[in-house]
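Here is a short report for a first look. Please keep the sequence and the 3D view at hand while reading.

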Amino acid sequence: MKKSATVLTNLKGLLTPDPQSLWKIDRIDDAAIAMSEGRIAWMGRRTDLPAAWSDSPTTDGGGAWALPGFVDPHTHLLFAGDRSGEFNRRLHGIPYTQLAAEGGGIRETVRATRAATVQELVALGEERLQTLRSRGVIHIEAKTGYGLELDAESRLMHAYSELKRRGWSLDVTLLPAHDIPVEFAGNTEGYSRVVKDVWLPELVRRHPGVARYCDVFIETGVFTIEQGRQILEAGKNLGLQPRIHADELSWTGGAELSAELGAASADHLMFCSEQGMKVMAASRVTPILLPTTTLCLGMRDWAPARAMIEAGCRLALASDFNPGSSPCLDPLLVLRLGCLQLRLTFEEALTAMTLHAARSLGHSDLGHLYPGARAAIALWPVQDPLELVYWVGEAYVPYVIC
Ligand code: NIG
Ligand code: FE
């Protein structure tokens, strides 16, 4: 689509979060959207289109519903190989934690990722980004974390940098503290020190301006709260804002730490405490819930989304796309589980996948369709947007403008 001025018309309607409020959604039937230079200049009822736009070229919306494109604020986009064999072993009853303890899990993907070239990683990333875009996702957060040695993490950064250069809209997070690599087996403390003192500064030096965030997998048997704190503080000193894999498989106080550090987000949170919810709300940390992970791990412990909203949190939803706990590039499944398992209303789940997801990444011009927003719009071929959730297995394909 040309970036010049055009009016998107013949829309059944539009649905957008109101960026001035926490959970309010505007629904406008028979809507039109005026766009100029890739931004939304006006939106409202077609019959109210300002006269200044009446002679502008139009774009046919095909009778679709216009929604802001989804923002996915937690993915592990780049990795090589897959873990379908491990997946079947889990179906045979072997727990995820046991597979990891036996040297599988994340470490299996690390072996495959270390063997991949930058070009191979870029090709994998581009294919996945294209799939996501074709399903309505117009911006993502993407982590390193399957290299777990300096040069392999650096190759992942190189690949992300190339994807950005090719115009993909993404924010990069450094996650060398995703697991303890075999070279440091039994020496988590030594690995934490190397990550914070050597690798983070070196990765930022080699790839200036590529990463915006730093993340740590704080979990029983992985990194402790104290190791997480130190790594994330080191990241902050390099200008990287914290995001945290927190309280995923057990309570460790990750949510509380996110508030203490002024993190952008605390993610997973199936075992978040009430105190954690309160402090995240007070510190404006975005809880990011990942329901496809709970599903794929076969867990019953859905994150306490309703309690978080009641505590005043503006929560977001994400895919956690990765080869182990969430091999899933389907934003509609995230939306549907948000409603059906996390007990969010459709309006809340949509806001969590657009406005609040974008805000957790500092993008006030994404996740809504108000003037000034980037014209990143998904046109859904439905009679009513609620159908996206209601027809549970339907693979709707949007037309995406971005
Ligand atoms: O977010 N929790 C840690 N990392 C991923 C799982 C990664 C993997 O299994 O490869 C997650 O669930
Ligand atoms: Fe994750």
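## Polar contacts to the ligand

A polar contact is a pair of N or O atoms within 3.5 Å. The model is predicted. In this model, an oxygen atom of ligand 1 lies 3.4 Å from an N or O atom in the side chain of His 76. That pair falls within the 3.5 Å cut-off.

For Arg 83, an N or O atom of the side chain is 2.8 Å from an oxygen atom of ligand 1. For Tyr 96, the distance from a side-chain N or O atom to an oxygen atom of ligand 1 is 2.4 Å. How much of ligand 1 does the protein cover? On its own, ligand 1 has 330 Å² of accessible area, and the protein covers 100% of it.

## The site around the ligand

Where does ligand 1 sit? Its place is the largest cavity.

Around ligand 1 there are 15 residues. Those that come nearest are Tyr 96, Tyr 146, His 178, Glu 248 and Ser 325. Tyr 96 also supplies the 2.4 Å pair described above. By type, the shell around ligand 1 holds 4 nonpolar, 8 polar and 3 charged residues.

## Two domains

The protein is divided into two domains. Domain 1 is made of two stretches, 6-68 and 367-401. Domain 2 covers 70-360.

How far apart are the centres of domain 1 and domain 2? Taken over C-alpha atoms, they are separated by 30 Å. The two domains also touch: 28 residues of domain 1 are in contact with 27 residues of domain 2.

Notes: Residues numbered from 1 in each chain as written. Chains lettered and ligands numbered in written order. Predicted model: local features only at pLDDT ≥ 70, side-chain atom pairs only at ≥ 80, totals over all residues. Heavy atoms only, no water. Near = heavy atom within 4 Å. Polar contact = N/O pair within 3.5 Å; in protein donor to acceptor, adjacent residues only side chain to side chain. Areas by Shrake-Rupley, 256 points an atom, 1.4 Å probe, with all protein chains shown as cover. 1 Å grid on protein atoms, 1.4 Å probe; cavity = no way out; pocket = protein on both sides within 12 Å on 5 of 7 lines; lining within 4 Å. Sits in = over half its atoms within 2 Å of the grid points. Nonpolar A, V, L, I, M, F, W, Y, C, P; charged D, E, K, R; others polar. Domains from an automatic or database assignment. Contact = heavy atoms within 4.5 Å.
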